[in-house]
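Here's a walk through one protein model, written for someone who likes cut-offs spelled out. Have a look at the fold first, then read on.

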Amino acid sequence: MAPEYKLNYFDLRGYGEAARLIFHYAGVPFEDRRFSHEEWPSIKPGLSGKDDWEAAQVDALSDAYKDFANTTRPYFMVLFGREQGDKEALYKDFAKAFDEMAKHIEKYLKDAGNGFLFAGGLTWADFIASEFHDTMNGLHPELFKDHPELLKHSEKVHSLPQLQDYLKSRPKTQN
């Protein structure tokens, strides 16, 4: 009997969207269980392994990404109404961090020479990066003025034939 997969994530694209794209790309059926932030406290206790998984994901991030995530988290929390703060001042820090991260990713794209992040071809990192760039382009297209290669990468990943049905039908979400 084939395994049954369930993806439990908030009703937004966020970190869960790369996993959704990978499932669709691979043609693997899965249950896409989405929930709101308000539902989270009642759902969280029923999910097994979440703390170990989350810790492993954080440990696997590069120092550069950790710096980017730590620098930009306050901006996103204010942007999406989860915390109070000076959005304009936080945006300046966010934009600077984005520019630094973009240069890092562009180096990978250039070194690979194939439109993906690694010379071996498409990897899970391409799904994560392309989804992030697609989301950021929707929120702040001005960030890509100096980084068009990131949008080309996102377009390349999102143009994969295996993803087309899902991309046409995926729910519209805040991010």
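## Ground rules

Helices (H or I, at least four residues) and strands (E, at least two) are DSSP runs, numbered from the N terminus. By that rule H133 lies in helix 6. This is a predicted model, where local features need pLDDT of at least 70 and side-chain atom pairs count only at pLDDT 80 or more, while totals for chains, interfaces and linings use all residues. Residues are numbered from 1 along each chain as its sequence is written, and side-chain values use heavy atoms, with hydrogens and water left out.

## Overall layout and confidence

The protein has eight helices and two strands, arranged along the sequence as β-α-β-α-α-α-α-α-α-α. Of its 175 residues, 33% are buried; buried means under 20% relative accessible area, exposed means over 50%, and partly exposed is in between (1.4 Å probe, protein chains only). The accessible surface comes to about 11,100 Å², and 54% of that belongs to carbon and sulfur atoms (Shrake-Rupley method, 1.4 Å probe; for residues, only the protein chains shown count as cover). Among contacts (heavy atoms within 4.5 Å) with a separation of 6 or more, 62% join residues 24 or more positions apart.

Helix 7 does best with a mean of 97, and helix 3 (residues 50–60) is lowest at 41. Over residues 50–61 pLDDT stays under 50, and the model has four contacts beyond four places in sequence for that stretch.

## Aromatic pairs

There are 19 aromatic pairs in the structure. Rings of Phe, Tyr and Trp (its six-membered ring) pair if their centres lie within 6.5 Å; planes under 30 degrees apart count as stacked, over 60 as edge-to-face and the rest as tilted. F10 and F35 have ring centres 5.1 Å apart and planes at 65°, so they pair edge-to-face. That pair bridges distant parts of the chain, with F10 in strand 1 (residues 5–10) and F35 in strand 2 (residues 30–35), 25 residues apart. Both F10 and F35 are buried.

F98 and F132 make a tilted pair, at 6.3 Å centre to centre and 35° between the planes. Since F98 sits in helix 5 (residues 87–112) and F132 in helix 6 (residues 124–139), this pair ties together parts 34 residues apart in sequence. F98 is buried, at 2% relative accessible area, whereas F132 is partly exposed at 24%. Both belong to a cluster linked by ring pairs, made up of F68, Y75, F76, F80, Y91, F94, F98, F132 and F144. Elsewhere, K156 lies over the face of F116, 4.7 Å from the ring centre; a charge sits over a ring if NZ of Lys or CZ of Arg is within 6 Å of the ring centre and within 35 degrees of the ring normal.

## Nonpolar cores

In soluble globular proteins, nonpolar side chains tend to be buried together. A nonpolar core here is a set of buried Ala, Val, Leu, Ile, Met, Phe, Trp, Tyr and Cys residues joined through side-chain atoms within 4.5 Å. Which residues touch the most other members of the largest core? In this set of 18 residues, they are F94, F98 and L150. Helix 4 (63–79), helix 5 and helix 6 are the elements that give two or more residues to this core, and helix 5 gives the most, with eight.

Setting aside residues up to four places away in sequence, L150 touches F98, A102, I105, E106, L109, H133 and F144. There's also a second, separate core of nine residues, including F127, V157, Y166 and L167.

H133 is buried, at 1% relative accessible area. Ignoring neighbours within four places in sequence, H133 is in contact with I105, F144, L150, L151, H153 and S154. K110 and E149 are 39 residues apart in sequence, with their C-alpha atoms 9.1 Å apart in space.

In helix 1 (residues 16–26), the buried residues are G16, E17, A18, R20, L21 and F23. These pack against strand 1, strand 2, helix 6, helix 7 (148–158) and helix 8 (164–169). After helix 1 comes G27, with a positive phi near 70°.

Conventions. pLDDT = per-residue confidence, 0-100.
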